[in-house]
Each structure stands twice: as structure tokens, then as C-alpha cells.
Amino acid sequence: MRLHLCAVGRLRAGPERDLVDDYLQRLERTGRPLGLGPVSEHEVEDRRGGGMAAEGLLLSRAIPEGAALCVLDERGKPLSSPEFAAALAGWRDAGRQDAAFVIGGADGLDPGLRARADLVVSLGRMVWPHMLVRVMLAEQLYRAATILSGSPYHRV
């Protein structure tokens with residue numbers, strides 16, 4: 001199952017970019033034998049100032065047709081790492097070819113896009129900068145792959 005990280009904003013060079021790259025490389029190595037990967041990033045920017053609706057449209061265009069859709073939103077369900085891994089495995093085992101993980105912009109995520117999601121996940125009740133959310137998502141995707149592979153990376 002191909003994995004797509006779809007996010008508003010560009011992640012420039014720096015510590016966050018380095019962390020995302022590191023976790024995605026680890027995910028590629030661990031996930032491919034499990035049928036998870038390749039991973040691609042889709043960054044969108046609304047340069048016209050159309051707000052959440054315009055960002056939602058750009059994000060929608062980045063999501064492959066038929067993809068399982070997971071959006072990150074503070075109003076979502078807080079999942080444990082094993083629950084998140086189980087969701088990925090469920091989509092993969094159901095024959096989904098793609099899974100898209102969506103991170104909105106500074107004003108949040110378009111409600112219409114959130115309503116289409118197969119899974120709405122919260123990383124906690126706090127609001128996080130989108131750059132850190134991308135790092136945390138990349139790490140959790142890698143962690144999910146290690147859980148599914150039986151690796152000792154994830155400890156309870």
C-alpha cells in the first residue's frame with residue numbers, strides 16, 4: 001500500500017526536515033517488506049489566501065482516488081500506536097492501494113475534507129505546529145511498521 005503524506009506548507013531544510021527524512025527512510029526499509037510503501041510527500045500552498053476551503057481543495061487534489069484517508073485534527077480520536085498500526089494493517093489487508101495522511105494549515109482542516117476521512121486522528125488535545133505534526137506523523141508511521149514487523153522499537 002502506497003503511503004502519501006499530504007500537508008499544507010513547505011517543510012524547508014532544518015531539524016524538522018532532517019527528522020522527517022530520517023523516519024521516512026526508516027519506514028521505507030521496515031515497511032516495504034510488510035506491503036507499506038513507498039512513501040511520498042505532497043506539499044500544497046494556497047498563495048491566493050483562500051483559507052481552509054482553498055487548502056482543502058489543493059489537498060483533495062493530492063489524495064489519490066480510492067485512497068484510505070486519515071486526517072490529523074485536534075477533534076479526532078486519540079489512538080495508541082498499536083491501534084494506529086492496526087488501522088494501517090486493516091487498510092492494507094482490505095486491498096487498499098493507497099493511504100493518505102493529511103495535515104491542514106494554520107487555520108485547521110477544511111470540514112468537508114475531514115468529513116470524507118476514514119479516520120480522524122488527534123495527536124492530543126494540544127495544538128501542534130504543522131512542522132512538528134509532520135515529524136510526529138512520520139515517526140508514528142515508522143513505529144506502526146515496527147509494531148507490525150514485531151520489532152522491539154515499540155515498547156509499552
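Tutor: Here is a chat about pockets, a surface patch, salt bridges and a few backbone details. This is a predicted model, where local features need pLDDT of at least 70, side-chain atom pairs count only at pLDDT 80 or more, and totals for chains, interfaces and linings use all residues. Residues are numbered from 1 along each chain as its sequence is written, and side-chain values use heavy atoms, with hydrogens and water left out.

Student: Okay, what volume does the largest pocket have?

Tutor: About 400 Å³. A pocket here is an open set of points on a 1 Å grid over the protein atoms alone, where a 1.4 Å probe fits and there is protein on both sides within 12 Å along at least five of seven lines. The volume is the space filled by probe spheres set on the points, which are joined across faces, edges and corners.

Student: Which residues lie nearest its centre?

Tutor: Leu72, Asp73, Glu74, Val127 and Trp128, out of 21 lining residues in the largest pocket. Lining means having an atom within 4 Å of a point.

Student: And which element gives the most to that lining?

Tutor: β3, with four residues. At least two residues each come from β3 (68–78), β5 (119–122) and α5 (130–149). Helices (H or I, at least four residues) and strands (E, at least two) are DSSP runs, numbered from the N terminus.

Student: How does the lining of the largest pocket divide by class?

Tutor: Eleven nonpolar, six polar and four charged. Ala, Val, Leu, Ile, Met, Phe, Trp, Tyr, Cys and Pro count as nonpolar, Asp, Glu, Lys and Arg as charged, and the others, Gly among them, as polar.

Student: What about the second largest pocket, how many residues line that?

Tutor: The second largest pocket is lined by 13 residues, with Leu79, Val121, Ser122, Leu123 and Gln140 nearest its centre. Its volume is about 190 Å³. Here α5 has the largest share of the lining, four residues, and β3, α3 (81–93), β5 and α5 each supply at least two. By class, that lining has eight nonpolar, four polar and one charged residues.

Student: Back to Trp128. Where is that one?

Tutor: In the loop between β5 and α5. Trp128 is partly exposed, because its relative accessibility is 36% (buried is under 20% relative accessible area, exposed over 50%, partly exposed in between, with a 1.4 Å probe and protein chains only). Trp128 also belongs to a nonpolar surface patch with Leu123, Met126 and Leu132, and together they have about 370 Å² of accessible area.

Student: What makes a patch?

Tutor: Residues with over 30% relative accessible area and no salt bridge, where like charges are joined within 9 Å and nonpolar side chains (Val, Leu, Ile, Met, Phe, Trp, Tyr) within 5 Å. The areas come from the Shrake-Rupley method with a 1.4 Å probe, and for residues only the protein chains shown count as cover.

Student: Switching to charges: how many salt bridges are there?

Tutor: The structure holds 16, a salt bridge being a side-chain nitrogen of Lys or Arg within 4 Å of a carboxyl oxygen of Asp or Glu. One of them joins Arg17 and Asp21, at 2.9 Å from N to O. Those two are about one helical turn apart, because they sit four residues from each other in α1 (residues 15–31).

Student: Arg17, buried or exposed?

Tutor: Arg17 is buried, at 14% relative accessible area, whereas Asp21 is partly exposed at 31%.

Student: Which residues are linked with that pair in a network?

Tutor: The salt-bridge network links Arg10, Arg17, Asp21, Glu41, Glu43, Glu45, Arg47 and Arg134. Within it, Arg47 and Glu45 meet at 3.3 Å, N to O. Arg47 is exposed at 71%, and Glu45 is partly exposed at 30%.

Student: And which residue does Asp118 pair with?

Tutor: Arg96, with the closest N and O atoms 3.6 Å apart. This pair links distant parts of the chain, 22 residues apart: Asp118 is in the loop between α4 (111–116) and β5, and Arg96 in the loop between α3 and β4 (98–103).

Student: Last one: where's the cis peptide bond?

Tutor: Between Gly37 and Pro38, with omega about 10 degrees. Pro38 lies in the loop between α1 and β2 (39–44).
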